[in-house]
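Here are my notes for a colleague who is opening this structure for the first time. The points go from the contact between the chains to a sheet and its helices, and then to the salt bridges.

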Amino acid sequence: MPGKLKVKIVAGRHLPVMDRASDLTDAFVEVKFGNTTFKTDVYLKSLNPQWNSEWFKFEVDDEDLQDEPLQITVLDHDTYSANDAIGKVYIDIDPLLYSEAATVISGWFPIYDTIHGIRGEINVVVKVDLFNDLNRFRQSSCGVKFFCTTSIPKCYRAVIIHGFVEELVVNEDPEYQWIDRIRTPRASNEARQRLISLMSGELQRKIGLKVLEMRGNAVVGYLQCFDLEGESGLVVRAIGTACTLDKLSSPAAFLPACNSPSKEMKEIPFNEDPNPNTHSSGPSTPLKNQTYSFSPSKSYSRQSSSSDTDLSLTPKTAPYPQGPRIYLCPSSPSLSCGSLHLKKSCLLLSESSLTPHHSSLVSPVLRKSVSFSEELFLAASGMGSGSAGKEGGPFKALLRQQTQSALEQREFPFFTLTAFPPGFLVHVGGVVSARSVKLLDRIHNPDEPETRDAWWAEIRQEIKSHAKALGCHAVVGYSESTSICEEVCILSASGTAAVLNPRFLQDGTVEGCLEQRLEENLSTRCGFCHIPYDELNMPFPAHLTYCYNCRKQKVPDVLFTTIDLPTDATVIGKGCLIQARLCRLKKKAQAEANATAISNLLPFMEYEVHTQLMNKLKLKGMNALFGLRIQITVGENMLMGLASATGVYLAALPTPGGIQIAGKTPNDGSYEQHISHMQKKINDTIAKNKELYEINPPEISEEIIGSPIPEPRQRSRLLRSQSESSDEVTELDLSHGKKDAFVLEIDDTDAMEDVHSLLTDVPPPSGFYSCNTEIMPGINNWTSEIQMFTSVRVIRLSSLNLTNQALNKNFNDLCENLLKSLYFKLRSMIPCCLCHVNFTVSLPEDELIQVTVTAVAITFDKNQALQTTKTPVEKSLQRASTDNEELLQFPLELCSDSLHSHPFPPVKEHLESASSNSGIPAAQRDRCSSWIELIKLKAQTIRRGSIKTTVTVEKASPVGDGNFRNRSAPPCANSTVGVVKMTPLSFIPGAKITKYLGIINMFFIRETTSLREEGGVSGFLHAFIAEVFAMVRAHVAALGGNAVVSYIMKQCVFMENPNKNQAQCLINVSGDAVVFVRESDLEVVSSQQPTTNCQSSCTEGEVTT
Amino acid sequence: MTSELDIFVGNTTLIDEDVYRLWLDGYSVTDAVALRVRSGILEQTGATAAVLQSDTMDHYRTFHMLERLLHAPPKLLHQLIFQIPPSRQALLIERYYAFDEAFVREVLGKKLSKGTKKDLDDISTKTGITLKSCRRQFDNFKRVFKVVEEMRGSLVDNIQQHFLLSDRLARDYAAIVFFANNRFETGKKKLQYLSFGDFAFCAELMIQNWTLGAVDSQMDDMDMDLDKEFLQDLKELKVLVADKDLLDLHKSLVCTALRGKLGVFSEMEANFKNLSRGLVNVAAKLTHNKDVRDLFVDLVEKFVEPCRSDHWPLSDVRFFLNQYSASVHSLDGFRLECGGTIWAHCNLHLPGSSNSPASAFQVAGTTSVHHHAQQFFCIFSRYRVSPCWSGWSRTPDLR
């Protein structure tokens, strides 16, 4: 179905001098979309050309609209020779394709050249007229919203969370095509940028189709990555969580107060419409059950365009025999040398209703991996060596499915979200992860990327079965990653096994959820800590105690998760960033030998990483880890492991015991002395940390809690597991000592080193806190200053006599110094907290280690630090509850609904301009999933009319560059560049996000052949990252936004060749463009206009802008 | 383990004022780190020298990238690469264009050419300012000069508009450009006691009164070049000393008015003719380029030095010059004989005019380039001869 894309080239500025003779430039612009190209006139002799072109119109399929980027090329006209390219701008027009996002893209874009960087700017206006596609067999998925945010976006509410969507597309990498030998680096880079842009568009469209099939209207927690597999191709893959979102009637959100239907109706023409939120034709209609209703479109799309496996589309009815086939088939080019499972032993007890199924469910393979972890107390990893185990999992899963909720019917009950609506998360089991080492082979047929799909399907299956073993039916905080070195690739997936509240996952009405949410919330502040599995049939031994909060359910003594701290969890003191760092040398090898070597090393690394994490956690006096992310990176001659997490003290969990050191040779006097000295140091550190992080839990006597664990049973298990394991690593015997103390045995110098390294971690300077989760537990009075940054370090190891210890030390120093450097740089912001600290390690060459950190520093008010404990979510909860009350007070307004049921949308401008006499936002009706919502809206209109006026003002003004800025971030009088904030968090402190404008997903390549002249590698990369930020900001500003939330730098691949004076870097970033309004601005406006008369404020809005 | 690459990029560009100053002052990274260590920052923050090194490098890199933009400050405001709050932008620009008094004193009035640039290392050794910093300052002067050279409109306004400088700094640049354009000699030993502030004050008055712009505000170059016609007219002042009657009359008028008010009355009376001759000769010679250049040297030689040798206090000099120019207007013969328009005009304007020497002095005093500054100057204003100067308190014997 066609859409019309309209582009206008307005002007350029700060162009580079292209004609040395005149010191000027004769610039013109080529606008290309798909295969159509338009050109502007040549604007002679100016560095600030004013083209003011006509509207270039492209009539295209909406499929193309989704896939293709708009390409704008600025060239210098040359009469005699070929025109020189100045640079390009790629504009992703996706945000224009769905309702309520941006309506126009207009603004200054940096003109980017892959060799020269940014060369001036160009002012472009882009619009799209989209005709709705009613074809149920359509290939496009316009209208599905994408969010990088891994929680429900702030101005929406989840009606249904459908579940996991995934897709991958592959292609040949232009950089490795034969033609690359003859073309210029610029042409290659541009081919690559264009291809990846195209592939991301295609991927997003395909995911959108899946979402529509699931009857969702949005993808939350969308994570797109690409794997540069070198010779074997380029894989772009994405995962996300399909949801049905509903615009929230929160005060600052949209009450445009207009009579006409909103423009999004254009996508909602019939009751065939995929968006469930429009199904509410009357007050009493419940939403249809959407879980699995297959439409013909599914098979159609699968055949023709989807490269995907059927896994995600079909309900699961049979176990998959994938494991053995892949492992055993000798002719298969892929070699799966091992897949590792790791499980945390810190598990919790579930409701008794779940337990009956449990006893029979532990699959053999899990048992093995779990048993490994038993003795280690934590985190076991084992090799997925047996095919038997592989089959066991799915089979058991099948059994369970039949008895479990709707969730169980899904192929992969995974959620990429890390924060959830209150009440969604019932119990948390622990971290589940799986890794697999693969040999890359050439992708022969890009349209059928079966092997890649199968690889991931296999890993996901494993994750799923792990979760089952933990008594959980879902995995939350799920993510996938790869590490590639030459032809070896490690695929990793991890998540947190959890039991979810099924009401959110199916067709439950919103109000029902809301009520239950509220009531549950009151009773289960500690609920998520309770173990989800049967106490008597634990998959591995854990020290269980009664919950310190409710005293009814069992909890483990430590809890590891990949999600954010639930907002209703009770935390004592503050949290802190905990990292485990590890390097292992390996021999250089080729192909299969290499893969085997890696997969042999992996379990040991996992084990050590977990031991380190556990030790550090104990040392901090904390008992839970959130946001755990373990990255294993493979290089030519080494493997690196880096785990980051935020440690907290959960009030519901028992106080952690200390760390005890036990010497192997007790008769040696001086040795004893040394040990006791160390012990003292450790105890001191723990005490100091407790003070530092303000951990002072109320003392509870042991008797009340009851004895932790049935001792004999543990013993027997321990013995069994020891006999099973032949690894020397398992010599640690945790059974001695105090029952909850963690014993470190020092038997050789290695162990000594480990203990030392524990003590070398320096706490951040006073006034600084750091965490890798969204918000710092224990701090909640953020002030508005934020500073997002990216820091990159590369060190060269001296190649001589590298040992594991030296390597570890180097790596440790690298990370510690990097953190210290950050603290120093940001010292002017004290007191502040580094949030969402995200470390990425890569090994670009033999002796090079590259660490990339992206984080945001947020200031907070020290004085109020301990006063309020209310989190934003709790507040919104309260708001929701008041809404409920008010709901009863305005029952009569229902009737207005029936008036507005235009099947077809008028032009979008109505949204902005019209205002209602009654003051009731009738257009809002379309956004409401049910009449109840409407009433809430109305209630709020009346109650909060004054606050809404800010939004009204924005709405009333013609959408254009800078309009929002006038309101929300007044630019300085003499500056024309609006401020765009960037943050990896999903929120902006002290501000309300009023609108999501669309996803930003950008890929850039920069190359130089004059590295020295550009300031060496540091100068080159510094400039490039600054340019990337600039381009992201420019795109957001052009969409009318003033911030990027959930910003992430997914890839930063840096390669250098100093001898040739060359370097190349690839960066991929993404985030959500938003409009935010400062809370202080809201207050100002509301105090200025104390009346709640909506109409008057609307009028005023029109006048003022 | 060696660090290959080490960068930090913030969404809002971090600017450390201290490091910026060190960078502007032309210190190398190593020197800057050493200086920062000495400032005790390590103790305050608990950082290590390596951290400091990395931080300094990072800032230097940022500044290096910003430097290109600072060359055309409006670009800094419109560029998209660095997100810098407006107040910081202003600070960056202002600091970048700030100059060292010692340095500017060395190049003031010199041609801003490659030749002068070559001499910068001498200046650097002499003033103790790093060569890098000298180059930056010199290039700034040259850049401003080039941009505003051919422009219409007020010099100060042009500078402000194109370089976004504060009013103060723009005025200083106007003075520098003016001096460079007219190549006034300021380097002579005799002139060494004068500060840049003194010259800048003179330049401002000269731009107001002596240039083409003072006549007609729509000319190219208007504030930079002296009005040739005016200089020509000044020749006619010769009558003041050539005509004996007029000279006597003038003298008696001045003496009558100043009797009892001047501490050095007798010296003044005795020297009147010499002083008057000196002043008028300086004025009359200004038709030659070379003499224009030597204006300040001549003034010092012909007027300041005699006064100084007689130990005139500052206030007396001011009184004398006021009276000297005021009484000219009451000279009948002068008014009639010498194409009197100039002087007629004068009569109308002088009494309460804000440009009268006294108020000029006050202006200088309040803007107070330097509190102790000596306003020494002689203004041959367009419509009057109004020499004004204000002592030389740096010469202790005059107190």
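How much area do chain B and chain A bury between them, and what share of it is on carbon and sulfur atoms?

1. Chain B and chain A bury about 4000 Å² between them, with 60% of that area on carbon and sulfur atoms; buried area here is the accessible area (1.4 Å probe) that two parts lose on being put together, summed over both. The contact, meaning heavy atoms within 4.5 Å, takes 52 residues from chain A and 36 residues from chain B.

2. On the basis of these values: this is a predicted model, in which local features need pLDDT of at least 70 and side-chain atom pairs count only at pLDDT 80 or more, while totals for chains, interfaces and linings use all residues. Residues are numbered from 1 along each chain as its sequence is written, chains are lettered from A and ligands numbered from 1 in the order in which they are written, and side-chain values use heavy atoms, with hydrogens and water left out.

3. Across the interface of chain B and chain A there are 5 salt bridges, a salt bridge being a side-chain nitrogen of Lys or Arg within 4 Å of a carboxyl oxygen of Asp or Glu. Lys825(A) forms a salt bridge with Asp55(B), and the closest N and O atoms are 2.7 Å apart. The elements of chain B that give two or more residues to the side touching chain A are β1 (2-10), α3 (41-45), α4 (49-70) and α5 (73-78), where helices (H or I, at least four residues) and strands (E, at least two) are DSSP runs, numbered from the N terminus.

4. Strand β27 (residues 782-796) of chain A runs antiparallel to β1(B) and is joined to it by 8 bridges; two strands pair if DSSP finds at least two bridges between them. Within this pairing, Arg793(A) has Asp6(B) as its bridge partner.

5. Chain A also holds an open sheet of 4 strands in the order β9-β11-β12-β10, with mixed pairing. Because β9 (145-146) and β10 (156-171) of chain A stand at the edges with a single partner strand each, one side of each is left without a neighbour in the sheet. Strands β11 (residues 218-228) and β12 (residues 234-247) of chain A run antiparallel and are joined by 9 bridges, and Asp227(A) stands opposite Val235(A) in β12(A).

6. Over all chains, the whole structure has 44 salt bridges. One of them joins the side chains of Arg192(A) and Asp173(A) at 2.9 Å, N to O; Arg192(A) lies in helix α2 of chain A and Asp173(A) in the loop between β10 and α2 of chain A, 19 residues apart.
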